[in-house]
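Please provide a short briefing on the structure shown here, covering a helix, a sheet and a pocket.

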Amino acid sequence: MKSLHCSVAETTPGRREQLTYIGINFARPQMPRVSIMFNGFALLWGFLSGILLKNASVMACPSSCHCIEKNGLMVVQCMSRNLEKIPPDLPRDTVVLLLAANHITHIPNHAFRELHYLQELDLSDNDIEAVDMGAFQGVSDSLLMLDLSNNHIQSVPKEAFARLRAKISLSNNPWHCECTLQEVLRELRLDPETVNEVICHTSVQEEYAGKPVIQVLDSGINFCNFHHKTTDVAMFVTMFGWFTMVIAYVIYYVRHNQEDAKRHLEYLKSLPSNSQISKDFDTISTVL
């Protein structure tokens, strides 16, 4: 009967312990396999959770819009959704934002400040009447195309389009042509295909109503000079009015004082003189 031979090899840290039974080697790791598998699973789960949370914060899409990726770019389509204001929960990686054909009336300050990758913004065919000074703050460096055509905009503050490098369409709005609009247009890169559709609906000079703004400005008209002249005339009229009031008051004051002085003089004349009083006193003395 053969005896079983068992040999044990010495172990050192980092090496496996080997057992030999009848020429068969058995090896076992220093750490339990269950522990290693658990730690690996925990790391994988943490990694996947982080990715999911990050994507959830970046890729969230408003319920009123449709978000799709085209060639790796996020396109948010919110056209014809009866929106009355700009959705506040837009994905931060939005590159193209389509908000045309809604009922938006106002573009508030910082409306797009979280959209640092925004390149194209379509707000045409809305009911926009007001654009705040800081409406496009945060996207001035990235925005390449802005469409505000077919709205109800009459004027915008000079600061609204500050530092914008985008090609802008402002056609088919009821613009009021005056100094501020002239200064705004000088700083903008207008869409050459629609620039002649930016019309003076009204104007500080009525003869320019109904004409393209650019044609009027190219003809040498300066609305700012007219504005200054109008201001000067208004100041002159105001000063003349004040001057007239002062003169009228002075005349009234002098005439009133003259009447008082005349009445006082007549009163003094009605009083007996000193000589008459002396004669009356002498007469009384003689009688006595």
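Which side-chain oxygen reaches to the backbone nitrogen of threonine 180 at the start of H2? The oxygen belongs to glutamate 178 and lies within 2.9 Å of that nitrogen. This is a predicted model, in which local features need pLDDT of at least 70, side-chain atom pairs count only at pLDDT 80 or more, and totals for chains, interfaces and linings use all residues. Residues are numbered from 1 along each chain as its sequence is written, and side-chain values use heavy atoms, with hydrogens and water left out.

**Helix H2**
- Helix H2 spans residues 179–186; helices are DSSP runs of H or I with at least four residues, strands are runs of E with at least two, and both are numbered from the N terminus.
- Cys179, Leu181, Gln182, Val184 and Leu185 of H2 are buried (under 20% relative accessible area, with a 1.4 Å probe and protein chains only).

**Sheet**
- S4 and S5 (residues 73–77) run antiparallel and are joined by 5 bridges.
- Cysteine 67 has valine 76 in S5 as its bridge partner, and glutamate 69 has methionine 74.
- In the hairpin of S4 and S5, with 2 residues between the strands, asparagine 71 takes a positive phi near 55 degrees.

**Lining classes of the largest pocket**
- The lining has 8 nonpolar, 2 polar and 5 charged residues; Ala, Val, Leu, Ile, Met, Phe, Trp, Tyr, Cys and Pro count as nonpolar, Asp, Glu, Lys and Arg as charged, and the others, Gly among them, as polar.

Notes: Buried < 20%, exposed > 50% of the residue type's maximum accessible area, 1.4 Å probe, protein only. Polar contact = N/O pair within 3.5 Å; in protein donor to acceptor, adjacent residues only side chain to side chain. Pairing = 2+ DSSP bridges.
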